[in-house]
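Please have a look at the model first.

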Amino acid sequence: MYRKCITAETGIGMHNYLCDTDGTGGHLKTIPEDFIVREISDPPRQKDNGDYSIATVTARNWETNRMVRLMSRSMGVSRDRIGFAGTKDKRAITTQLMSVYGTEELWQKVNLKDLKIENIYRGARGIEIGDLVGNDFEINVKNCTMDPSQIRETVGSDISIIKETGGFPNYFGVQRFGAVRPVTHLVGEKLVRGDIKGAVMTYISFTTDEEEERLRVIRERFQKADVSEWAEIRQTMPPAMAFERMMLSKLIENPEDWVGAIEILPANLQMMFVHAYQSWLFNNMLSRRMDAGLPLNMPVEGDIIIPLDANKIPQHENPILTTPKNIDLVTRQVRSGRAFVTITLFGSDGELAEGEMGEIERKVIEENKLSHEDFVIPELSRCTSKGSRREILCPLKDIGYEMNDEGYKLKFSLPKGNYATCLLREFMKSEMRDY
């Protein structure tokens with residue numbers, strides 16, 4: 001029913017495509033201008049004497065955590081005082097709202113290359129993770145392997161399938177794990193297993209053949225090094241390994257402070273580790289649902305659905321179990337786009353589905369020998385995760401495309417928490433590194 005994936009994406013649980021067409025191939029982000037993201041914001045209201053200053057920040061080729069770290073240095077404030085709604089792709093041009101606890105003058109101290117700060121105002125509150133409605137995208141696909149004469153028909157066919165389905169499989173995309181070095185979920189699994197030392201060692205030393213040789217050499221050396229060599233290894237780490245340098249500096253101070261080596265990282269990165277492992281579990285569960293031939297755009301008995309509020313925001317606090325008594329009503333809600341079928345993001349809390357989907361969820365959890373208690377990490381409160389449920393289909397507000405000399409461009413909007421690359425993979429079916 002669904003086309004099987006045969007690329008490295010299977011390693012992060014993405015085993016299927018919705019669209020049973022040949023891929024156009026191609027690359028994303030040949031240059032940052034090929035990947036434009038504009039945040040659809042829910043801005044804090046203006047308040048003349050507000051404690052926060054809000055700004056629109058447009059960044060070219062900036063990794064979010066590094067950008068925040070250098071901003072905080074320029075401002076002379078803790079990075080925890082800078083708020084943003086979501087991390088963005090590095091190799092891209094991104095526009096988003098950000099906040100700082102303090103006056104407008106703090107923004108005026110920031111003078112970083114390829115960063116534009118404008119529309120500054122005082123706000124009643126700061127920006128927090130999740131404070132957005134969605135994102136608008138303009139994405140160029142270049143260097144396609146498909147014959148140009150076939151691309152238009154293929155892209156058009158894929159769009160028709162996606163529109164008919166009401167969206168595309170809502171996998172967590174490669175950015176959640178790392179395209180070149182998919183490591184975040186591996187670190188998260190170590191944390192869930194209670195192996196904090198293993199989590200630190202994995203983050204610093206895990207490498208792949210896709211990574212730059214100079215970085216790979218440093219990681220492989222660290223794997224075999226003893227404590228006496230750590231200081232020298234740290235000196236060889238380039239700016240691209242900034243977080244590894246931070247962790248290793250903490251360990252050089254105290255070689256047994258594995259908890260401190262995690263805690264020194266930005267709060268959002270600490271949270272990301274266990275979230276990425278939950279995402280890996282989710283991707284595998286979604287793939288198995290597709291393998292079982294269960295629909296994405298309508299419920300079956302035992303499914304848990306999440307209704308949307310008036311602003312089209314999922315109400316995760318109001319899950320509804322699909323039963324023989326309510327299945328007709330629930331089906332109408334899902335088909336009309338007022339509710340979505342979900343799969344568990346397994347954590348310390350939350351209920352599992354019943355019926356066939358419940359069997360899939362429980363089987364994945366049992367195979368990985370997990371319990372709810374594993375996701376409570378007393379030493380690292382930021383890494384503890386209650387879990388939630390996630391919609392299995394990502395809706396598209398609109399989508400259009402145009403051909404050009406180098407390939408084609410797609411324009412579309414997605415709700416927050418969803419991945420543009422998971423839409424693009426339906427068209428491209430490329431290797432993971434090409435996203």
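Asparagine 61 counts as partly exposed, at 28% relative accessibility. Here buried means under 20% relative accessible area, exposed means over 50%, and partly exposed lies in between, with a 1.4 Å probe and protein chains only. Asparagine 61 sits in the loop between strand 4 and helix 1 (64-75). Helices (H or I, at least four residues) and strands (E, at least two) are DSSP runs, numbered from the N terminus. The phi of asparagine 61 is positive, about 65 degrees, although the residue is not a glycine. Most residues other than glycine have a negative phi.

Asparagine 143 also has a positive phi, of about 55 degrees, and is not a glycine. Its place is the loop between strand 8 and helix 3 (148-165). Asparagine 143 is partly exposed, with a relative accessible area of 47%.

## How the model was read

This is a predicted model: local features need pLDDT of at least 70, side-chain atom pairs count only at pLDDT 80 or more, and totals for chains, interfaces and linings use all residues. Residues are numbered from 1 along each chain as its sequence is written, and side-chain values use heavy atoms, with hydrogens and water left out.

## The whole chain

The chain has 13 helices and 16 strands. Its C-alpha atoms fill a box of roughly 60 × 50 × 50 Å along the principal axes. How does the radius of gyration of the chain fit a compact globule of 435 residues? The globule would have a radius near 22 Å, and the chain has 22 Å, which agrees. That radius is taken over C-alpha atoms, and the globule rule is 2.2 Å times the number of residues to the power 0.38.

Buried residues make up 53% of the 435 residues. The chain exposes about 19600 Å², and carbon and sulfur atoms supply 47% of that area. These areas come from the Shrake-Rupley method with a 1.4 Å probe; for residues, only the protein chains shown count as cover.

## Charges and salt bridges

The chain holds 57 positive and 65 negative charges, and their mean positions are 3 Å apart. Lys and Arg count as positive, Asp and Glu as negative; His and the chain ends are not counted. Each charge is placed at NZ of Lys, CZ of Arg, CG of Asp or CD of Glu. A salt bridge is a side-chain nitrogen of Lys or Arg within 4 Å of a carboxyl oxygen of Asp or Glu. The count comes to 27 salt bridges.

Which residue forms a salt bridge with aspartate 22? The partner is arginine 3, with the closest N and O atoms 3.0 Å apart. Aspartate 22 lies in the loop between strand 2 (16-17) and strand 3 (35-41), while arginine 3 is in strand 1 (residues 3-4), 19 residues apart. Arginine 3 is partly exposed, at 25% relative accessible area.

Arginine 60 pairs with glutamate 33 in another salt bridge, the closest N and O atoms being 2.7 Å apart. Arginine 60 lies in strand 4 (residues 52-60) and glutamate 33 in the loop between strand 2 and strand 3, so the pair ties together parts 27 residues apart in sequence. Both are partly exposed: arginine 60 at 30%, glutamate 33 at 31%.

Glutamate 406 bridges to lysine 142, with the closest N and O atoms 3.6 Å apart. Glutamate 406 is in the loop between strand 15 (399-404) and strand 16 (407-415), and lysine 142 is in strand 8 (residues 132-142), 264 residues apart. Lysine 142 is buried, with a relative accessible area of 10%. Elsewhere, salt bridges that share partners join Arg181, Glu211, Arg219 and Glu244 into one network.

Histidine 275 lies in helix 10 (residues 267-291). It is partly exposed, at 28% relative accessible area. Leaving aside neighbours within four places in sequence, histidine 275 is in contact with Arg176 and Ser385. Its C-alpha atom is 34 Å from that of threonine 154, 121 residues apart along the chain.

Serine 74 is found in helix 1. At 28% relative accessibility, serine 74 counts as partly exposed. Not counting residues up to four places away in sequence, serine 74 touches Lys109, Val110 and Leu112.

Methods
Contact means heavy atoms within 4.5 Å.
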